[in-house]
Protein chains: 4
Amino acid sequence: MTQSILNNTSLFSFPIRVYYEDTDAGGVVYHANYLNFFERARTEWLRDLGYEQDQLRLIEKLLFAVRKVEIDYLKPAFFNDQLIVTVQITKVGASTLDVSQQMVAVNKKEEQLLSVAKVLLVCIDADKFRPKKIPKHINTAIKNSPYCTNTLKRS
Amino acid sequence: MTQSILNNTSLFSFPIRVYYEDTDAGGVVYHANYLNFFERARTEWLRDLGYEQDQLRLIEKLLFAVRKVEIDYLKPAFFNDQLIVTVQITKVGASTLDVSQQMVAVNKKEEQLLSVAKVLLVCIDADKFRPKKIPKHINTAIKNSPYCTNTLKRS
Amino acid sequence: MTQSILNNTSLFSFPIRVYYEDTDAGGVVYHANYLNFFERARTEWLRDLGYEQDQLRLIEKLLFAVRKVEIDYLKPAFFNDQLIVTVQITKVGASTLDVSQQMVAVNKKEEQLLSVAKVLLVCIDADKFRPKKIPKHINTAIKNSPYCTNTLKRS
Amino acid sequence: MTQSILNNTSLFSFPIRVYYEDTDAGGVVYHANYLNFFERARTEWLRDLGYEQDQLRLIEKLLFAVRKVEIDYLKPAFFNDQLIVTVQITKVGASTLDVSQQMVAVNKKEEQLLSVAKVLLVCIDADKFRPKKIPKHINTAIKNSPYCTNTLKRS
């Protein structure tokens, strides 16, 4: 019996619908667009945590830039598919975040795992494009969230 | 006998190849991406005139923003098609440019007209997003070019 | 006193969030991507009417292709903006639909109209890419919907 | 002394210009769009080898689908940058290709390495989306090319 990805409360999940713009002449979602979907989910995870990225940029002068992606394409996503994209933080560094993500199709009763990705984010200065320490309050909020496996040690 | 678009020396023309990223599950170039192709051609027309847009933004603090587009989709463009996109300036205003553009497929011996567009550009201040007069030297360069039908009056 | 677009029950409306993927280095939503947003809203309007486009293609062998677009860019949309995109059918032809659309930003209490578009759709055969009569049941459903100003004549 | 990537004759290279459509509000090329650039280069590598992908699909009923990508973002690419994207085949399997790719900015005299990627392609049946053996003539052409390090053994 496989465990449901969608019932896993340690994964933040966000629904995404596939439109024509996302597909290519192969009849499936164009491979680069999977990265768009993964980023939308990370944006919504940050919003859920209380952080709006336009405010982070304006007030904290920071951006989370993508430094590395490892992505596996397991099954194609098709036009009109209803997808769920998940976010889980597996490591919080001084200026980096390791993110584990999944893309699942939920058209019928069964879940179908379409893609998994490991994304390394770097907190950078929005003007200088140089790494910058993740502010304490953000670091704490991430570690305290239910979607982080690298939790704060509590004595 | 139809006149060749490509032999018309009053049209600036730029070649564009259709890749998978440009297509959709309908098997053709996704309709919004035609606007990308038209913009690439306008960028290359400006470059041909001697203006790099990153420099225009940095030094002249200006952007050419799209204010209005009227586009006709006559025939579909397909994956791997070799296209030619044209640019012709039909009117130079104080802060606006009227641009007439065409997209032609040139896969075989014959030209096939796929799309025509009328684009209204506004010269804007890059920071304030407000209309700004087109600098004299740019206005003159545009009117003097072979690709402008709204030429300088010469006595 | 301006009438609210969003309280107008004769307009189908669909919420869209602006992500990084939608923006460009000018700091605003890239002009071609407005067409993506307008299409997402048309897709959801059809779904609301009871029609899934993948099924329409498979069963009715039809696509609604974009034949013509007239779009006005009134104000820029920014990263993280919450938008509402509307759909209203103004004319139902034998094989065409005239669609009137608006894009509104709803970040704060006030609505801001960012863009308006007139889109001409043609019902085409999915394989031959030739115009095809809109099936009777779809034509009727569209005309009977609250989002169509070209309603069925009733005696 | 660093060896020039561009003078390396074992790398297929293809020039790509950065347009507004490729950038995001961070002021740089949007991370997902790097995958577009890498794919354009692979398409041109196949064309250089004598294979047009629309013909491969029609005649050989095959597609090269992306199965896995590992991508490192080393430095940002900016609007108007002139890039060179390289392709090198490091392994030819029965139905897979291991591809090593680089993205280099060549705006000034110096080359700047912006990104490297390892891409795993799978030859699939264009209709069934199932792995399929790479046809003998294509396998041989790839191995015989100067851009493959997994060359044919010659006795």
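Two strands pair if DSSP finds at least two bridges between them. Strands themselves (E, at least two residues) and helices (H or I, at least four residues) are DSSP runs, numbered from the N terminus. The model is predicted, and local features need pLDDT of at least 70, side-chain atom pairs count only at pLDDT 80 or more, and totals for chains, interfaces and linings use all residues. Residues are numbered from 1 along each chain as its sequence is written, chains are lettered from A and ligands numbered from 1 in the order in which they are written, and side-chain values use heavy atoms, with hydrogens and water left out.

Chain A is a place to start. Its strand 2 runs antiparallel to strand 5 (residues 112-125) of chain A, and 11 bridges join the two. One point on this pairing is A:Val69, whose bridge partner in strand 5 of chain A is A:Val119. Strand 5 of chain A also pairs with strand 4 (residues 96-105) of chain A, in the antiparallel sense and over 10 bridges. Here A:Gln102 has A:Val116 of strand 5 as its bridge partner. Strand 4 and strand 5 of chain A form a hairpin, with 6 residues between them.

Strand 2 of chain A (residues 62-73) also reaches across to another chain: 5 bridges join it to strand 2 of chain D, and these two strands run antiparallel. In this pairing, A:Lys68 has D:Asp72 as its bridge partner.

How do chains A and D relate to one another? Two copies of a chain are related by a rotation about an axis and a shift along it. Copies are superposed by least squares on the C-alpha atoms of residues with pLDDT of at least 70 in both.

The contact between the two chains (heavy atoms within 4.5 Å) takes 23 residues from chain D and 23 residues from chain A. The copies meet through the same surface, because 100% of the interface residues of chain D are also interface residues in chain A. Buried area is the accessible area (1.4 Å probe) that two parts lose on being put together, summed over both. Between chain D and chain A about 2,100 Å² is buried, and carbon and sulfur atoms give 51% of that.

A salt bridge is a side-chain nitrogen of Lys or Arg within 4 Å of a carboxyl oxygen of Asp or Glu. The interface of chain D and chain A has 4 salt bridges by this rule. One of them joins the side chains of A:Asp72 and D:Arg67, at 2.8 Å from N to O. On the chain D side, helix 1 (33-49) and strand 2 (62-73) each supply at least two of the residues that touch chain A. Strand 2 of chain D gives the largest share, 8 residues. The side of chain D that touches chain A holds 13 nonpolar, 3 polar and 7 charged residues. In this division Ala, Val, Leu, Ile, Met, Phe, Trp, Tyr, Cys and Pro count as nonpolar, Asp, Glu, Lys and Arg as charged, and the others, Gly among them, as polar.

Chain B can be laid on chain D by a turn of 180 degrees and a shift of 0.0 Å along the axis, with an RMSD of 0.0 Å. In chain B the C-alpha nearest the axis belongs to B:Ile16, 5.7 Å from it. The same surface serves both copies, as 100% of the contact residues of chain B recur in chain D.

Here 18 residues of chain B are in contact with 18 residues of chain D. The two chains bury about 1,800 Å² between them, 42% of it on carbon and sulfur atoms. B:Tyr19, B:Tyr20 and B:Glu21 supply 34% of the area that chain B buries against chain D, more than any other three residues.

Between chain B and chain D the count is 2 salt bridges. The side chains of D:Glu21 and B:Arg40 meet in a salt bridge of 2.8 Å, N to O. Strand 1 (12-17), helix 1 (33-48) and helix 2 (53-59) of chain B each supply at least two residues of the side that touches chain D. Helix 1 of chain B gives the largest share of that side, 6 residues.
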